[in-house]
Amino acid sequence: MEWANQLCENRQFGSKMTDSKYFTTTKKGEIFELKAELNSDKKEKKKEAVKKVIASMTVGKDVSALFPDVVNCMQTDNLELKKLVYLYLMNYAKSQPDMAIMAVNTFVKDCEDPNPLIRALAVRTMGCIRVDKITEYLCEPLRKCLKDEDPYVRKTAAVCVAKLHDINAQLVEDQGFLDTLKDLISDSNPMVTSGGQRSLLKKKLQVVANAVAALSEIAESHPNSNLLDLNPQSINKLLTALNECTEWGQIFILDCLANYTPRDDRESQSICERVTPRLSHANSAVVLSAVKVLMKFMEMLPKDLDYYGTLLKKLAPPLVTLLSAEPELQYVALRNINLIVQKRPEILKHEMKVFFVKYNDPIYVKLEKLDIMIRLASQANIAQVLAELKEYATEVDVDFVRKAVRAIGRCAIKVEQSAERCVSTLLDLIQTKVNYVVQEAIVVIKDIFRKYPNKYESVIATLCENLDSLDEPEARAAMIWIVGEYAERIDNADELLESFLEGFHDESTQVQLQLLTAIVKLFLKKPTETQELVQQVLSLATQDSDNPDLRDRGYIYWRLLSTDPVAAKEVVLAEKPLISEETDLIEPTLLEELICHIGTLASVYHKPPSAFVEGSRGVMHKRLPARTGSGEGTECPDVGNAAGGSAPESAPSIIPSQGDLLGDLLNLDLAPPTTTGPTPSTSGMQMGGMDLLGGGLDSLLGGDIGGSPAMGAGFGAAPAVMPTSLNAPVGGGLGDLFDLGGGVGMPMGAYIPPKTVWLPAMKAKGLEISGTFARRAGVIQMELVLTNKAMSVMTDFAIQFNRNSFGLAPAGPLQVLTPLGPNQTIEVSLPLSTVGPVMKMDPLNNLQVAVKNNIDVFYFSCQYPISMLFVEDGKMERQVFLATWKDIPNDNESQFQIQDCHLNSEAASNKLQGSNIFTIAKRTVEGQEMLYMSIKLSNGIWVLAELKVQAGNPNYTISLKCRAPEVSQCVFQCYEAVLKN
């Protein structure tokens, strides 16, 4: 609290021994006595009374009744007394706003006092009195203090502007205080060098730091205001001020520098060179702020630059030094180092020893060090790390021992060469027979089996010996998984699993689910011996359990085993994917944001500020700058406008990674959409999950649309990023091609692939579905042919898509208006929108579909030609095309061959234009015609193409450039299909 800080300041005016007496009095009727003393004519008595009031206020007594009497004491020349009165004012002004107005005249008067300390004290108190009624009276005194001749007054006034802005932002803007703050950033004269003048310079530079701090705070709450207009000139002034400011001033300036994006790698290197000396500062906050700036600007430096390697070496020592501080500071440093190591492990790869745990480290420091040790583990230091971890596993702290054992397992998964040594170490620890060590070791060995199948199964016998000692759910579940997975290698696997089954209802859900799966695996491997066991567990899971997850899994297994044992074997005993080396790494975009917040709470919580800052309207998501020449994420002027053209309007959508597809399909929304057109919405209505065993599906098509949000394809808008602007200069190289005529004739019709069978009748109980995709008048159509090859009538058709790469979703219900009788065929055209949920598929144009009718739900996959997503406004302006081609990195260029194509360039151009592939320009080079083309996808991704056609040669060469290079293969396939059909 502000007044508490000032109370500490006041201790210079009196010793602790003499002031302590004010906190020990417990007299009754004290308020009346204090009132009399405050109105005394004697200055000393009055000062003593104010001290007693402040002491009472500090220990929590209500002395607000003395407000008028304390305010009367403001009229004094005694600086100590004035400070005490101002402390009182700050504390009680909010509860006594009408009384606080009495102090306005004194503030105005004090702001003109000859003593700069009193002027600064007055303006600081004004900023701390958060009362709307008096803010307008304080504008004039604040304006004078902002232009005061004394730097101390100006730096105090700068902070006051930020406080006033928090109370009344409009008032600050109207009074022009923000412009004054910007002027204060220039409040320095670096040419001053003499002793006395240098002292004055330091004070002036502190004004710069406070002005930067105030503007930064205001800018955070108004991210679009562009208050801190950072440019090379202002950055140079801040770097000059950096060397002479106090430590907190340096932090403000460094944080401000971290928000700047240099123009190129040379400017980035220059700033890094001037910030690097801050790494040796005694204040750890300054060091972390400097590390943040360097980590950000390193992104722009080429990795082959000598300075890049030098900077990496310079970053290690200050980070190591932070670990010699108090435990609390060590923890903060370790949390930040954890982020740095995930981004750039090479910085600390030779510093493993400093992260070894000391006997007297608190547990929170030990656990954090352990985490970093694993991140730095490599083939070069793994022997050293394993020796340490084995030692930690014999400690007395149970939590630490558990984490150490798990760390050994993580080492085995991360460094393959160490796996055998890690397994041997874990077996040694199991032999200790310490209960919690054994249980953690079994959990870890299960993960090692997943990473290295058929390699270390010889240890299973040792694990089975310790079966009776397992009492923790995770360890029991891990052991059950091992027994089920390797049942064919364990002679008494059925007996072991049966022993767990005896107390089935007392087990945790995790163990019950694992036991159910393990026994089904055992049955599929040894069906004759375990039929009774599998019936018993299925009965327990489905009939005797209240847990819906367990019951659903039991029913699925039961249906699989009873209808198609071969399919059951393929599903349950399918080959499992290898587990990832680093499962606990922070997601890359979040890591980038956290790197931009090094030295703040966000870097300790490992969460973005928006996750824990209340009312985070102003919290801006930060990102690291793109490496020079990569063309990623840099915000630059629109080249299209400069060249007289127009740049692409929308930006590429981000395609998330593919998730658990089975989970997505099980949660498909099978009700027909309620809208008939693409209606983007951030929270579209979706149905609950399906009941695969019947009964629940019919209700999905009824009037009651309830349930929980599903994971399937609904009508949420696909996420998008801001447009990446084009900053390449126009001219040179390809420039001459834009002076030539395009020679483009009239386009032909759009290419529509022939219909193919997507769902054979034998897999869908007599329903056969074939179809294709078409784009007509800007609308994507899914053209379906439904044939009933069964003996019963089919009704109540509905369709839904799983999440897919481009957000395809039905824009209306499946219009099958009449029942489909036996041997009948009906053609249906389903309009599609591109505003559904997005998830990257493999291949990219894969679409997973669920169709429901009155008989069952059927799933199938099909692949749509990506040309269906080529929009009609995909013709790019010529100058913009040239700038964009240069702006996209060469690494993003793909080259393909189209063989056996017997079209001339004009016919090819016309045919492609029918599918919204537009020819921008054409030229002839050495008898070879070059067509330059642009395509725009429905999610805003632009694809640029260069097609080479040579007379008499049936083979074309096509080069594709795109900011999302993964779409290039699909685009090539479209070119091939359109030109050859």
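## Terms and model

A residue is called buried under 20% relative accessible area, exposed over 50%, and partly exposed in between, with a 1.4 Å probe and protein chains only. By that rule arginine 406, at 30% relative accessibility, counts as partly exposed.

Please keep in mind that this is a predicted model: local features need pLDDT of at least 70, side-chain atom pairs count only at pLDDT 80 or more, and totals for chains, interfaces and linings use all residues. Residues are numbered from 1 along each chain as its sequence is written, and side-chain values use heavy atoms, with hydrogens and water left out.

## Salt bridges

Let us start with the charged pairs. A salt bridge here is a side-chain nitrogen of Lys or Arg within 4 Å of a carboxyl oxygen of Asp or Glu, and the count comes to 30 salt bridges. One of them joins arginine 406 to glutamate 474, with the closest N and O atoms 2.7 Å apart. This pair links distant parts of the chain, since glutamate 474 sits in helix H28 and arginine 406 in helix H24 (residues 398-414), 68 residues apart. Helices (H or I, at least four residues) and strands (E, at least two) are DSSP runs, numbered from the N terminus. Glutamate 474 is partly exposed at 35% relative accessibility. Both residues belong to a network of salt bridges that links Arg402, Arg406, Glu440, Glu472 and Glu474.

Another salt bridge brings together the side chains of arginine 963 and aspartate 887 (2.7 Å, N to O). Arginine 963 lies in the loop between strand E13 (956-962) and helix H41 (968-980), while aspartate 887 is in helix H39 (residues 878-887), so the pair ties together parts that are 76 residues apart in sequence. Aspartate 887 is buried at 10% relative accessibility, whereas arginine 963 is partly exposed at 24%. Lysine 948 and glutamate 946 also meet through their side chains in a salt bridge (4.0 Å, N to O); here lysine 948 is partly exposed at 23% and glutamate 946 is buried at 10%.

## One face of helix H29

In helix H29 (residues 493-501), the buried residues are Ala493, Leu496, Leu497, Phe500 and Leu501. Viewed down the axis of H29, they fall within an arc of 145 degrees, so they line one face of the helix. That arc is taken over the directions from the helix axis to the C-beta atoms.

The buried residues of H29 pack against helices H27 (460-465), H28 (473-485), H30 (509-525) and H31 (531-542), where contact means heavy atoms within 4.5 Å.

## Sheet and strands

An open sheet of five strands runs in the order E1-E2-E3-E6-E5, with antiparallel pairing. Strands E1 (756-759) and E5 (809-810) stand at the edges with a single partner strand each, so one side of each is left without a neighbour in the sheet. Two strands pair if DSSP finds at least two bridges between them. E5 is joined to strand E6 (residues 825-833) by two bridges, and alanine 809 has serine 833 as its bridge partner in E6.

Elsewhere, strand E10 (residues 918-925) contains isoleucine 920, which is buried with a relative accessible area of 3%. Isoleucine 920 and lysine 875 are 45 residues apart in sequence, yet 7.0 Å apart in space, C-alpha to C-alpha.

## Cysteines

The structure holds zero disulfides, a disulfide being a pair of cysteine sulfur atoms within 2.5 Å. For cysteine 974, the closest cysteine sulfur is in cysteine 970, at 7.2 Å, too far for a bond. Cysteine 974 is buried at 4% relative accessible area, and cysteine 962 is buried at 0%.
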